Amino acid sequence: MSRQYCTSCERPLVTCICNLTCRINNNVEVWFLQHPSEVKQAKGTAKLASLCLENCHIIIGENFTDNDELNRLIIDENKQVLLLYPQDGAVKASTLSAASQLKSVVLVLDGTWKKAYKMYQLSKNLHDIAKITLGGDIKSQYLIRKHHKDADVSSLEACAHALIALENNKAKYQPLLSSFQQFNQMQLALTPHKPC
């Protein structure tokens, strides 16, 4: 007998995350550039974020250099595209004006650090985009995947903290972080062994 899947979150019904979602009308649009290995990853967080954020989009790939959809966005004069990537020269995310928020799009690389680095290296169209980074005081609440430092956050957490900084509104995005905590607890309940 084949597994039944939720048509909304696309996960098996027994691990459906739709009851964990909230609805947030984010001013700053978010695009996740998702590595193919993350698409079916049970511990992945981009899908949960996309179900919670009204202005969110996921495109899948490893090398986005020739991705027409992304390239149209990058050259759109009505958009301000920012890449959330902790590279030398990246500027700490800070409050944008109300008008700038509505025309800004943040790109988030969704994959392990190693995969995200490779995605960035391969995707030449990302190299000239303005880079933003998060403050160093953020501690990850990601309990279900290995990370080497407290500052190694999940894609959802990175996205949420970037939006908090850019829109200067912590309360607005607290429900997203609360959904993430519930997601962690659900996954831990499903896997009683040591987190990996």
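Colleague: What makes the largest nonpolar core a core, and which residues have the most contacts inside it?

Modeller: A nonpolar core is a set of buried Ala, Val, Leu, Ile, Met, Phe, Trp, Tyr and Cys residues joined through side-chain atoms within 4.5 Å. Buried means under 20% relative accessible area, with a 1.4 Å probe and protein chains only. The largest such set has 40 residues, and Ile17, Val30, Phe32, Leu53, Leu84 and Val106 have the most contacts inside it. Its largest share, eight residues, comes from H5. The model is predicted: local features need pLDDT of at least 70, side-chain atom pairs count only at pLDDT 80 or more, and totals for chains, interfaces and linings use all residues. Residues are numbered from 1 along each chain, and side-chain values use heavy atoms, without hydrogens and water.

Colleague: Why are E1 and E2 called paired strands?

Modeller: Strands are DSSP runs (E, at least two residues), and helices are runs of H or I, at least four, numbered from the N terminus. Two strands pair if DSSP finds at least two bridges between them. E1 (residues 29-34) and E2 (residues 56-60) have five bridges, so they pair, in the parallel sense. Among the partners, Leu33 bridges to Ile59 in E2.

Key
Buried means under 20% relative accessible area, exposed over 50%, partly exposed in between (1.4 Å probe, protein chains only).
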